[in-house]
Every structure is written in structure tokens, then in C-alpha cells.
Amino acid sequence: MVTKNKVVTTEMILAKKGLIEQAPAPFNSEFFGGEIIVENTHGDTFAQILAMAQSDEMYANSRLIYENCPIFRNKDLLSEYEIDDPYLLPKKIYGSNVVEFLQLGDHILKIYGLDSKKITEVKKK
């Protein structure tokens, strides 16, 4: 039995408009004991970050968090942690708590429609 694929209609696109404009769900941080607000307004840099993940996954994850979580773009944090490269701030703040650092990155990837497991599969090919 052959099934036909649906053709995307204008109505289908308009139905997604409300979803696209909604703010993403915050990330529940056990490390900080609260929710971290996450944005999804940095689509232009998202592709650059994904390309960078090939060579330095931890740096790419840190930049992804920095770009999409306003709390990490606070100038007071930059001066307190004495970081020259602001993209390294989330990595520095999380320190040895690598698991939550990576979980936050995965949360952001899912907001953009990408699962880190899919990235790993693509890298293997």
C-alpha cells in the first residue's frame, strides 16, 4: 500500500506561527536551584556553532549556552570570572559540573529542533 505524503498548506504554516513565537520552556537547573531562561532567537549563529562542534564540542556547547541564555551574558559575571572570551563563561561557571552543562546545551539544541544524539549519529557517518 502506497501512502501519499501531505502537501504543506498555508494554513499549516500559519498554525505553527504561534508555536514559533512562543518563548521556549526554561531549563530547570539543579546546580543553581532554579530555572534558567532560554531564548531561541539566535538562529543565524546556530549553524556556526554546529560547525564548530566538530572541532571543539565543549567550546561550542559553552557558546550555545552563552548565546541563548541571557543570564550568562551579564557583564558582572564576565568581570567576576575574569574571562577574556565571553563564550567560555558558561563552561567556567559550571566548572566540574559537566553533566548539567551538557544537559543545558542539549535542552537548547532541542529547542532548535536538533537532538544531540542525532548530531552524534551524523558525526559517525
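Author: The model is predicted. The accessible surface of the protein chain comes to about 8,800 Å², and carbon and sulfur atoms hold 54% of that area.

Reader: Which residues make a nonpolar surface patch?

Author: V8, M12 and I13 form such a patch, with an area of about 290 Å². V8 lies in the segment before helix 1 (10-21). Because exposed means over 50% relative accessible area, V8, at 57%, counts as exposed.

Reader: How many of the residues count as buried, as a percentage?

Author: Of the 125 residues of the protein chain, 29% are classed as buried.

Reader: What pattern does the protein chain follow along the sequence?

Author: The order is α-β-β-α-α-α-α-α-α, with 7 helices and 2 strands in total. As to contacts in the protein chain with a separation of 6 or more, 61% involve residues 24 or more positions apart.

Reader: What span should helix 3 have, given its number of residues?

Author: The expected span is 1.5 Å times one less than the number of residues. Helix 3 covers residues 57-68, 12 residues in all, so it should span 16 Å; its end C-alpha atoms are 16 Å apart, in agreement.

Reader: Is helix 3 mostly covered or mostly uncovered?

Author: Helix 3 is mostly covered, with 10 of its 12 residues buried. In helix 6, the buried residues are E100, F101, L104, G105, I108 and L109. After helix 6 comes G113, with a positive phi near 90°.

Reader: Where do nonpolar side chains tend to be in soluble globular proteins?

Author: In general, they tend to be buried together. Here the largest nonpolar core has 23 residues, and those with the most contacts inside it are I36, I65, C69, F72, Y94, L104 and I108. Helix 2 (43-53), helix 3, helix 5 (89-94) and helix 6 each give two or more residues to this core. Helix 3 gives the most, with 5 residues.

Reader: Which residues does I36 touch, leaving aside those up to four places away in sequence?

Author: I36 touches P26, F27, S29, C69, I71, F72, Y94 and L104. Of these partners, C69, F72, Y94 and L104 are also listed with I36 among the core residues with the most contacts.

Technical notes: Residues are numbered from 1 along each chain as its sequence is written. This is a predicted model: local features need pLDDT of at least 70, side-chain atom pairs count only at pLDDT 80 or more; totals for chains, interfaces and linings use all residues. Side-chain values use heavy atoms; hydrogens and water are left out. Patches are made of residues with over 30% relative accessible area and no salt bridge: like charges are joined within 9 Å, nonpolar side chains (Val, Leu, Ile, Met, Phe, Trp, Tyr) within 5 Å. Accessible areas come from the Shrake-Rupley method with a 1.4 Å probe; for residues, only the protein chains shown count as cover. A salt bridge is a side-chain nitrogen of Lys or Arg within 4 Å of a carboxyl oxygen of Asp or Glu. Helices (H or I, at least four residues) and strands (E, at least two) are DSSP runs, numbered from the N terminus. Buried means under 20% relative accessible area, exposed over 50%, partly exposed in between (1.4 Å probe, protein chains only). Contact means heavy atoms within 4.5 Å. A nonpolar core is a set of buried Ala, Val, Leu, Ile, Met, Phe, Trp, Tyr and Cys residues joined through side-chain atoms within 4.5 Å.
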